[in-house]
Amino acid sequence: MRYALLVYGDQSAWAGLEGAEATRRRAESMPRWLTLFEEMAKADPGVAGRELVAASEAKVVRVVDGERVVTDGPFAETKEQLGGLFVTTLPDLDEAIRIAALVPTAETGSLEIRPVVER
Amino acid sequence: MTAPALEAIFREEWPRAVAILARVLGDLALAEDAVQDAFAKALERWPRDGTPRSPGAWIVTTARNRAIDRIRRERTFARKAELLARLEVISTDEDADVSTIPDDRLALVFTCCHPALAVDARIALTLREVGGLATNGIARAFLVAEPTMAQRLVRAKRRLRETGIPFRIPPDEVLPERVADVLRVLYLVFNEGYAATTGDELVRRDLCAEAIRLAKLLCVLLPDEPEALGLLALLLLQDSRRDARIAPDGELVLLADQDRSLWDRDEIGEGLHVLRRAESFRRPGPYQLQAAIAAGHAEGTDLATIAAVYDALVAVDPSPVARLNRAVAIALAGDAETGLALVDELEGLDGYPYRHAARADLLRRLGRAEEAAESYRTALALTDNAPERRFLERRLAELGRSGEHREQPSG
């Protein structure tokens with residue numbers, strides 16, 4: 001079964017950090033990310049994942065009455081923003097939950113598991 | 001063969017057959033449909049041709065063949081060949097000994113009680129798939145229309161499929177929490193039949209009996225789990241008081257005022273026996289401790305000892321409800337002041353009628369009638385249960401009559 005694992009977190013917390021502090025934190029959490037990537041590759045060699053640029057850089061596009069309307073920033077003003085995502089094929093939901101819990105930012109943010117519709 | 005005998009076979013064989021088909025097909029809805037077909041066929045054949053030598057194997061084999069028919073008729077071709085190939089593993093021998101077929105019922109239980117399902121969906125699925133209850137029976141027990149319950153079941157089965165909820169026994173690292181989820185579902189089924197007093201009494205009695213039957217099955221499937229035994233003991237001991245807790249006029253009768261000759265002695269004996277077995281594991285847990293409290297009441301243990309068991313219960317289950325019960329136990333054991341202080345320091349129970357009812361009772365015992373009346377009114381505002389309302393109203397009226405009369409705490 002294919003699942004999208006959506007990584008939500010408070011990106012403004014990152015944005016507020018000094019450059020050196022952000023680098024230090026990243027280095028600190030790196031071993032755990034590497035463990036995650038290893039586990040994910042073991043469970044599904046075809047796993048795909050990407051980190052997204054901060055939601056504050058996002059453009060929102062809508063078509064209103066045939067007119068293209070482009071605005072800045074995330075659509076909804078929530079504290080937790082989508083910061084990245086994985087798409088991976090796993091045997092079942094329990095395995096998806098196990099993998100999701102290995103994502104380091106699950107401790108400060110949250111992981112949303114969404115099965116992918118297969119047709 | 002008589003209808004009840006047939007029904008007994010059906011109830012026994014239903015979860016076994018559904019579990020086998022569901023494991024092989026990986027689809028609970030399809031499994032259930034095939035087994036349902038097989039049972040319909042049995043109902044037509046058995047009374048005419050006699051019960052087969054191995055009813056379980058007959059059901060599984062027939063369900064397998066019905067599943068093949070159903071899959072062949074399906075319009076979407078994608079999964080056809082794969083599903084048909086999977087069904088090959090099931091024996092076609094109608095006379096096979098059913099005990100040689102691997103028992104997947106435990107996996108079925110865990111699937112039906114998966115935490116990714118809504119609680120009411122878990123309850124409905126468990127009763128349908130593990131209990132083998134018909135949809136209309138479950139609907140009656142939960143006082144909802146049959147189409148509503150059918151919808152709930154369809155949605156739950158769709159969710160199993162769409163989210164990839166696995167059909168298997170959970171791995172060791174999550175097993176304890178998943179066992180706790182299963183026990184909770186069975187406890188909720190029992191409570192639905194026990195606590196609520198609206199609806200058909202016979203239907204509710206059946207629901208309690210079903211919860212006990214399922215708890216017994218779980219004890220067989222999880223023989224090394226003392227909490228499963230603890231839950232079974234608790235259900236038996238609570239059920240033993242069923243006839244004493246509602247008066248002939250429909251009024252609620254508190255434990256202390258119950259006619260003990262109405263308690264079911266056999267059920268108490270069974271409950272105590274199961275509790276001893278659970279305790280022999282020396283791994284106490286919330287259900288065993290609640291059963292120990294129920295056992296204490298059944299055996300007439302003094303209230304101070306019972307209050308001490310509540311201390312142990314709060315240590316493993318520090319939830320506000322457990323702490324409320326402990327506070328009441330301490331008060332009933334003679335220390336109403338301490339009990340009241342403990343009730344007052346509880347947080348997060350403002351919307352829980354029993355908290356206010358308990359507080360009112362303690363204030364009444366302490367002779368603080370005005371405050372007691374206020375708490376009874378708060379409790380009344382929070383409950384719709386008719387016998388409970390009448391009980392609270394009666395207490396409130398008595399307060400007015402006795403005025404400032406100071407009643408001695410009992411016990």
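**Contact between chain B and chain A**

Trainee: How many salt bridges are counted between chain B and chain A?

Mentor: This is a predicted model. A salt bridge here pairs a side-chain nitrogen of Lys or Arg with a carboxyl oxygen of Asp or Glu within 4 Å. Between chain B and chain A the count is two.

Trainee: Which residue of chain B forms a salt bridge with A:Asp92?

Mentor: The closest N and O atoms of the pair are 2.9 Å apart, and the cut-off is 4 Å. The partner of A:Asp92 is B:Arg168.

Trainee: Which helix of chain B gives the largest share of the side that touches chain A?

Mentor: Chain B brings eleven residues to the contact, and chain A brings seven. On the chain B side, the residues divide into five charged, three polar and three nonpolar. The largest share is three residues, and they come from helix H8 (residues 146–163).

Trainee: What is the area buried between chain B and chain A?

Mentor: The size of an interface is often given as the accessible area lost when the parts come together. Carbon and sulfur atoms give 53% of the area in this case. The total buried between chain B and chain A is about 640 Å².

Technical notes. Residues numbered from 1 in each chain as written. Chains lettered and ligands numbered in written order. Predicted model: local features only at pLDDT ≥ 70, side-chain atom pairs only at ≥ 80, totals over all residues. Heavy atoms only, no water. Contact = heavy atoms within 4.5 Å. Buried area = accessible area lost by both parts, 1.4 Å probe. Helix = DSSP H or I, 4+ residues; strand = E, 2+ residues; numbered from the N terminus. Nonpolar A, V, L, I, M, F, W, Y, C, P; charged D, E, K, R; others polar.
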